[in-house]
Amino acid sequence: MRTKIFLVGACMLMCISSFVQAQTVKGIVSDENNLVLPGASVLADGGAKGVSTDMNGSYSLNLSPGEHTLEFSFIGYQKQSKKVVLTAGQTLELNISMQPDAVFIDDVVVVGYGVQRKKDVTGNIATVDAKKITALPTPSFEAALQGQAAGVQVTQGSGLAGSASTIRVRGTASVSAGGDPLYVVDGIPITQDYFIRGNGGAMNNNPLATLNPNDIESVEILKDASATAIYGSRGANGVILITTKRGAKKKGLSIDFTSRVGISTPASLPNMTNTEEYLQLRQEAWENDGGTGYVWLPNYTTADDDAETRALAYREAMGRDIDWVDRTIGTGVKQMYSVGLRKGGEKYALYAGLSYDDNESYLIGNGYERISGRINFDYTINKWLKAMVSSSLSRGTNSRIDAAWSGGLGDAMSNALPFYPVRYDETVLDEDGNVLHPEDEYFIWRDEFGGAKNPVGYRESFKSWKNIENRSVNNVRLLINPIKNLNIVASGGFDWMFLREEIDEAPIPTVRDFSQSFLNVNYILNWNYSLTANYDWDLLEDHKFGFLAGTEFQRSDSYGYSEEVTDEIPTPQRNGNPSQFSFLSYFGRANYTYKDRYLVQATARVDGSSRFGRNNRYGFFPSVSAGWIVSEENFMKDSKTISFLKVKASYGLTGNANIPDYARFGTYSAADNGILYGNENILFPLQLANPNLQWETSRVVDASVEVGLWKDRVTFELGVYNKLSQDVLMNVNVSPSTGFTNYWDNVAEILNRGVEFSIKSRNLVGKFEWTTEFNLARNYNELVDIGNYTPDAVSGGTNDSRVIVGKPIGSFYLVEFSHVDQANGLPVYLDLNGNETYDYDNAIRKYVGDGLPDFIGGITNSFRYKNWDMQALAIFSVGAKIFDSSAKRQLGVVSSWNMRTDKFDRWRQPGDVAEFPILTLDETKYGLDEGFPWWNTSLFVYDASYFRLRNIALGYTFQNLKVKNMTFNNLRLAVNVTNVFTLTNFPGLDPEVARDFENAQDRNLSPNVTYLTPPQERSYNFTLSFAF
Amino acid sequence: MKINYKYLLILACGLMTLSACDKLLEFEPGDVILAEDALKTPEDLQRLLNSNYDVLANLYDGRVQVLSELLTDNLSFPEDNNDYAAVYGRQTNFFTSTTNGVYSDFYRAIYRCNTVLESFDFIDGLSESEQKRIEAEARFIRALCHWSLVKLYAQPYNNTPNNSHLGIVLRLEASQEPLSRNTVAEVYDAIIDDLLFAHSNLPIENGFYASRKSAAGYLAHVYFLMNELPNANFYASEVINSMEFTLDNDLDRFEQDNISSETVFGIVSFSNDFRNEGFSNNYRSDIGTPVLSMSESVFTTFSLNPSDLRNEWIENNNGTYYTTRFNGANYFNIPLVHLTGLHLLRAEALATEGIDLDVAIADVNAIRTRAFGEGINQLPSDASAEDIIEAAREEMFKETICEGVWIDYLKRRGTLGEDIIIRGAPYDCPGMALQFPNGETSVSGFQLNPEGGCN
């Protein structure tokens, strides 16, 4: 279309240019992002004269002297009229910035197995376009969805390179089954296993990290049942459709280039004590406990040592002050280069992309490097047959570093005491004069679990760790158009993921005198075939029908093997049999539109899954929805205020089948399992059968209204939903006296109910433009029922989050802290009846808050003045709590952990009003069991509300820059800063946290628990992009 | 247009092909056997039975014995292990993973035993005698597990007049029903029932697996703790008088590649399976610093008599005391019921009953002869019952140091009215019964043990 207008325009331009006129209007037409628009139409005086903009978005129109009205238009953008008065011989420069039409008649959105006109959509779908995804550097593309769509909660991963965000669409509706949305790339549900490598090194594998954001054309987030039910048993937690860029026919060659360089720093820093401060606290604790002389020091002395030995160690410690945090963090360098090529001929269209991204984090030694290539090729074979090939190949190399509980910065925030040296200052001899530790040898200390520690030593010498992930997502589609309005699509997809983890460990003095290495390989083959037929039937002028019928089959085989080499002796381990699952599905959709304003849609999907037994193998997931475009009615057509008004509602069923492949089977070990007793084989049961296992099912009711005001200068959408999830899958802890500890069962019932609001307003138009986009969502989450089970039936691993009926999923279940007793400085707790007690007892654990926010939202403000543009994205979250699970040690009993300076506010003498109790080395003083200083109280549950300026960018665009013979279109220079500031009352590191999780259940149950989790990064970037 | 329809037809066929295949949805886990195919032949059943011995081996490789020993005052405070510290401090809670692991493992074996007992109808070609043997072995193991559990997780037998105090969950069926705790009386009834059946039906000779004498040995011990002394004496005598077992000449019952001649029932360990790690990893002091060290009082008791050859079992390492019982071997067999224990048990039982004192004296002297040498430190033939009891207990204490037996004897004496105080707290203070795992409370209604109260 654009091309056609361009050609017509070009002809006209040639005709016009043969006259010589003195009065000229000329200028550049650009889009809302200040990018030039070739082929835009410029008409004068109702079409008396007209031109189209050229490749550089420029136009020039010769007019007679006097007043003229110019009309600028472009498909998908709002028409603009400008009055100009030309004097004889005047050349007037008039640059126009077009604004997109919020609801344009031919604007399409991607829906499951097809596209629909945006206007006709009756489901709830949020679209995020490519520019927003590449606007800011993120560890992985999904992070860029943050703040862009109402009701889509994106919690950024930690500061680790390549870390995964957690996305929850309309709240958490699952307990043990995966709660993430289904990701579909160009029609293929891709492999998305976060736990393929557990949480080794305190990081989950991120299956989305290898996807190249620069290849993405648009992302659609399907939220309600009308939109997701077409994905049946996998739609319950929302669906994210990713469409990659494609070429367009007859377009000639265009090349886009983007490059970005930047640096990464931590968004916040922990306030650990230095040697003097730590020893002061420790000494005070020692004296409070009745100790005399100097306090004993971990890894140097013990409580039983005599006073002189203790004093000697203390004095030596005082002479050293190592900032371990500073030894583990630095400045990461980021660089990204991306080239996209599009070429269209008579019969073909090509997109080819190549990109390199090296994304170092601020953690020394940590970075994620991605090289990726993509070819999307469309070929029109004949009138009725077209082939589309999409193929990507990428390689992500994650240079790993231990974090959180596993080491690195985590050590610096816990067991690395400031008086431990990095290396021995001088040679240490034993009593006989033998060298125990040569000078410069790394000082190795032991943490409380006996682990050998020294984050610098591990990073520099003892451990090298790499995860290499190769990923290829491929798809071939045949589009067959046998008769008019009938389109058949046959698609075959193959998604290949190959993850190779290499860990090499050198000898460690005093720990291990040999080297060892670990190789872990996982690869997943994922095939997908689908066949759909789509028929559009215009019965009469006013009655339009659309029908879709289809079938799909998906199969995934997951393999793994490993090899451990200890002291040069290899022990290979290979699991011969893959873990497999498959889905076989049939689906259909019917749309009916009456008079272009009454819309009805029904969808249905039957899904069969290998994960369920014959009893419950097939599930049926229907949905119905309806919409009414009120603004098309005669009584509203001429409204000056309301330019668009649509009401819509839907109801439907969706499911979740995201559980381990063989959870339903009762199994026994193989007869030759290699385990012997008395040198005879044994055979034993592994897992209990549950032949009745079935999907969890969500019933979703949704209603919303879309409004456009003043020619869509302001558009907003307000929606409500009610989502009741039943038969929710739980891997329940069963009574161990049954002989088993876990069992998969359909148990819980969960309610999510909410309101979503989004608005886009063009506050200022004209020379200075200002647009605001704002979205806000409120979700109420409640665990309605868990049968006869108690809160301890499932747990968020070590995170003390539980399932409590009447409370949100993943509530913090801790002993409630009341206050510090002013008289004696002891912590006072509240028992189940609210009575004060000094006894810390697991039996008095209770709900003390949860990590789910009351409100979440995002605000984007965009400004433009001439060639300058500026964007600011802010996100906020209100009402969630955070459980700072590491603070219980950093601010608890004085132990072998370093402490935070917050601890200074402690009780010292009768009458003191302090945040923290009397200092002690003796956990029993706080009512804890001896040897168990893990003080799980509500004292460390904080308000995690925050407002964060996520990104601010300033850019300048040269619309057509000529350098010698080359013309660069839309050459843009931009700088941006991410995580500029965060307003929060949370005293810890980062109020937005997605820590490493132990499994899918932990991921659902433990939002907002932090445990030595590296804070997010703040990055400063410079971007250069242009096209030619 | 013609060709288009042809394609349509092909596609329609493709669609049909896809839809015809429910088989496409049948994936079975590899590397394992489906439960319905697992138990078909007598060999399968024998392998399942053998897996129960495997569980026992993982429990009695020292793991369970260490927990029992931690409740006595035989060990010093285990500084480097939080869970051991919790057991030692009588402060276990439902998060104490070591005690939770032991609990789950015992019930794992009980489930498997119940599965064995419920599988006979599905096995082809199982002779009646084989079925009896397998049934007897399964019930023997089930009794062992229930008994170990009730000793660790409940207050001792006779602690209330009718033993109506809460014991543990008795599992006599392979069921997934959540159950509440039975009384100690009910648990002991079931244990005796299983052991009596085992005693009647186990073979005389059964390699290192349970034999009739194994059941007799356990019956002697169980009855002794129940203070049913005639029965204890009866079954101890059955084993001793059978002459199938002889006292080991040397003091080492934990032998490598050889089952001690006095082992009535025990765990076998090979160079490829190390079914002794619970002992070795905690006590072994010849290859590094052990996790557990002995208390000073143990050292003092052992060093009282310089001619006691068992003095070597406890070494003084600059004021820290280690046991040497588990040094020197990477793997060794573990006796659970042994002749030494039965002699001393019988001696105390007879002396308490006031009958056959000569037999009781001979029992004690047999052990003393080995420990001190011929004729040294012998009980005189006219020793009083009290002297015999004292001597029997002294020898029992020494002979079974680290074997996890002593706590049962202390608790028994407590229930008989002796003022038994262990590290400042009564033998039956609440924390002396380990806490149940958190998992038991995943269904409402389970009654946990009271915690603490011992310090």
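Visitor: Hi! Is Leu1012(A) buried or exposed?

Guide: Leu1012(A) is buried, because 28 C-beta neighbours lie inside 10 Å. A residue is called buried if 20 or more other C-beta atoms lie within 10 Å of its own, exposed if 12 or fewer, and partly exposed in between, with C-beta atoms placed from the backbone. This is a predicted model, where local features need pLDDT of at least 70, side-chain atom pairs count only at pLDDT 80 or more, and totals for chains, interfaces and linings use all residues. Residues are numbered from 1 along each chain as its sequence is written, and chains are lettered from A and ligands numbered from 1 in the order in which they are written.

Visitor: Where is Leu1012(A) found?

Guide: Leu1012(A) is in the loop between β55 and β56 (1017-1027) of chain A. Helices (H or I, at least four residues) and strands (E, at least two) are DSSP runs, numbered from the N terminus. Leu1012(A) is not a glycine, yet has a positive phi of about 60 degrees.

Visitor: And what about phi of Asn1008(A)?

Guide: That phi is positive too, near 60 degrees, and Asn1008(A) is not a glycine either. Asn1008(A) sits in the loop between α11 (1000-1005) and β55 (1009-1010) of chain A. Asn1008(A) is buried, since 29 other C-beta atoms are within 10 Å.

Visitor: New topic: at what angle do α10 and α13 of chain B cross?

Guide: The axes of α10 (residues 229-241) and α13 (residues 339-353) of chain B cross at roughly 140 degrees and come within 9 Å. Axes are lines fitted to C-alpha atoms, for helices over the stretch in contact, and angles run from 0 to 180 degrees between N-to-C directions.
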